[in-house]
Amino acid sequence: MDFLTIIQILDSTIRLATPLLLACLAGFFSERAGIFDIGLEGKMLIAAMFSAAVAYVTGSVWLGLLAGAASSVALAALHGLASITFRGNQLISGVAINFLAAGMTVVIAQDWFQLGGRTPSLFGGARFEPIILPFAEAVADVPFLGPIYAELLSGHSILVYVTFLLVPGTWWVIYRTRFGLRLRAVGENPAAVDTAGVSVVGLRYAAVAICGVLCGIAGAYLATALQAGFVKDMTAGRGFIALAALIFAKWRPWPAMWSCLLFGLLQAIALRYQNLDLGVFTVPVQAMDVLPYVLTVIILAGFVGKAIPPRAGGVPYVKER
Amino acid sequence: MANEAPAIELKGISKAFGPVQANKDISIRVMPGTIHGIIGENGAGKSTLMSILYGFYKADAGEIFISGQKTTIPDSQAAIAAGIGMVFQHFKLVENFTVLENIVLGAEDGGLLRPSLAKARKTLEELEQEYDLKVDPDAIIEQIGVGAQQRVEILKALYRQANILILDEPTGVLTPAEADQLFRILGRLREEGKTIILITHKLREIMEITDTVSVMRRGEMTATVKTSETSPEELAELMVGRKVLLQVDKTPAQPGDVILDVKNLRVVDEMGVERLRSIDLQVRAGEILGIAGVAGNGQSELLEVLGGYMDATGEVRVNGTLMPLTGAGADGRSRRESGVSHVPEDRQREGLIMDFAAWENVAFGYHDDAAYNRGVLMDNSAVRADTEAKMERFDVRPPNPALAAKNFSGGNQQKIVLAREIERNPDLLLIGQPTRGVDIGAIEFIHQQIVALRDQGKAILLVSVELEEILSLSDRVAVMFDGQIMGERLPSQTDEKELGLLMAGVSGEAA
């Protein structure tokens, strides 16, 4: 394996890790506030569909992004209504949202474009184009560092850079601001927040709304940057992989980035080596594709040490003395 | 003081939950710079009243005046703004936050944390010096003791500049020494002009520290008196509406053969922490062995091992027969067959299924009893009839077998569990916290039942965090600390002070 191949695989890792990381941070905000969210998948999916559809119709990828985020926030609000206001079961609400999104996206897309549940292919201003960082072309021939800058760091869409900047941003918000302190507290012991005179409901809705926006960006990235249009079930379980990454990271922002990169790497390897020839026998494409999911199952089954979730996670808050 | 406005004045507060009138036309005046006790049985409405003051519930009628100003308290924010601080019975702290973070939470200055924390650290130092409230600001809550956690709650209120401090059953989780320290702090706060409302059901505390005391019974304020002009007996009578025996009448024990023999009992939990370290104890027929100790020092584990639902190593013999401590035979049913009955510490979680009817709860554990069965089917009417008879004998009110367990008061729930276990005529009764959350009238009855069982020649292992209960019921007292038995005493030859030292881990020789 030569140097350039490694660079290309890592480059692909970054692209593939981006939607995972966005969804993972979305889940991070929601779960740190005590609202479990297995509906990341559904929110990404509906955002993918609406962003692609609106981007195609208006020709503006930014309007597409806005529409995607809005649709995802709408589903997040539904989850909030069910689990915060009506104190319902958060897992059931999440499952319902996933089913709702899986069905509705195809039906709406079919009704809208008559293409069998997909949107037309996007091009030009309806897609996020790669950004070439300054001097990328000039330094490309410098040995070693040149390709790293020109191939690996340069040439991603704006959303990729924003996503990776969100990691220190999230860390700062959570550990250095009043909002972060209250958010962490409401996920651990909402009664403490309530008796301190802060609204538990308000904080949790805020967290769920942030989760909706981030899932929306993740979905829009899938349909308008990574791919060029929406197809049925295009999230392909990324919402669940993001959840696994969140657990792997033990609900902390920096480890969340590293675990998403690990999943991204597995996806990149699977894409690159569709049939891995080991000489003795050839590993079939399906075995490679299944790698990220196998890791997900291993993590979710708890084989990676004890991960302690936020203590009030999944429990609706009922005021009592 | 006469022409000063009261710190808090309530006029005609009423609050109903459905058909239950929790507070009925309550009026009370608390003068500034005093400690005012509110005493009453469980369910008398004390906590509801305080929850109204702290903005958790809205009163159906009535007015609240703070320092003479009419005030409405729609939420906790308003209560804090009015200068009210509340220390709940179950602390409202974020366990994995530091002391400082807990104090700042909800009272930050601005969006960034760093300046808030720095300011809080400085204020905390001043408060510590002013009131002698020592805590390490950087300690994590779950790593400090309950006494320190309570001090954090008090500091939280003071940091929010509370002038009125409400404490709900503050000594329930404390050792006697910690309780004394708390009372010193409260005395200091009173000297500084703070007003304190102390909610408790312990007469001793009321007599020791309060200036005035109000008694609540069934949602009504039955009396407000100066503490110096009353007596524990008078207060007890006001609480329950009749005279009660605070002392248990019992004859000296007539110990017989050894029924329970425990040797070198050890429990290590899944975190690798030793919960029981080499426990040796014996209980003879016709005696009550009381296990004293602050909650969480291994008493629960001891009961669970003996009751058959926690694994352990060592030897446990009942009537000379070795009990399996792991694997097959280490279960509640085998224990019951060996003559062991168990009234668990937490009746709502382990003693009863709260949503099930009383008669179903009475059948639990004994559902294979021939009297309850007819072929392969259960004979429900037989169970109901038996339950009705038991309720009659144990004075369970209301005597309705079809009522769900959750609809009985704490005392009556406990009577149902007791009736089920005692009437099986066990050789050994394990009983944990027999009167926790039980009102005074029922306490008396439960104590009489335990003594009566002893007098029938049964062995009784009693675990309680109430020292008074241990001292008045037990024939021998063993004190547990950190999974060990610190020492054994005869109730007639010891006192609360000595037991308190043992409970705090000071060994017998040093004490």
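Helix H2(A) is mostly covered, with 17 of its 19 residues buried; a residue counts as buried if 20 or more other C-beta atoms, placed from the backbone, lie within 10 Å of its own. Helices (H or I, at least four residues) and strands (E, at least two) are DSSP runs numbered from the N terminus. This is a predicted model, in which local features need pLDDT of at least 70 and side-chain atom pairs count only at pLDDT 80 or more, while totals for chains, interfaces and linings use all residues. Residues are numbered from 1 along each chain as its sequence is written, and chains are lettered from A in the order in which they are written.

H2 of chain A covers residues 40-58, and its end C-alpha atoms are 26 Å apart, which agrees with the 27 Å that its 19 residues should span at 1.5 Å a residue; the expected span is 1.5 Å times one less than the number of residues. Just after H2(A), A:Gly59 takes a positive phi of about 80°.

Chain A as a whole contains 14 helices and 2 strands. Its radius of gyration is 20 Å, in agreement with the value near 20 Å for a compact globule of 321 residues; the radius is taken over C-alpha atoms, and the globule rule is 2.2 Å times the number of residues to the power 0.38. The C-alpha trace of chain A spans about 65 × 45 × 45 Å along its principal axes, and 48% of the 321 residues count as buried.

The largest nonpolar core has 234 residues, such a core being a set of buried Ala, Val, Leu, Ile, Met, Phe, Trp, Tyr and Cys residues joined through C-beta atoms within 7 Å. Helix H10 (residues 200-226) of chain A gives the largest share of this core, 16 residues. Domain 1 (8-240) and domain 2 (258-503) of chain B each contribute at least three residues to this core. A:Ala245 is among the residues with the most contacts inside the core. Leaving aside residues up to four places away in sequence, A:Ala245 touches A:Leu20, A:Cys24, A:Ala256, A:Ser259, A:Cys260 and A:Phe263; contact requires C-beta atoms, placed from the backbone, within 7 Å.

The two domains of chain B have bounds that come from an automatic or database domain assignment. Their centres, taken over C-alpha atoms, are separated by 34 Å. The contact between them takes 10 residues from domain 1 of chain B and 12 residues from domain 2 of chain B.

Conventions:
Two residues are in contact if their C-beta atoms, placed from the backbone, lie within 7 Å. A residue is buried if 20 or more other C-beta atoms lie within 10 Å of its own, exposed if 12 or fewer, and partly exposed in between; C-beta atoms are placed from the backbone.
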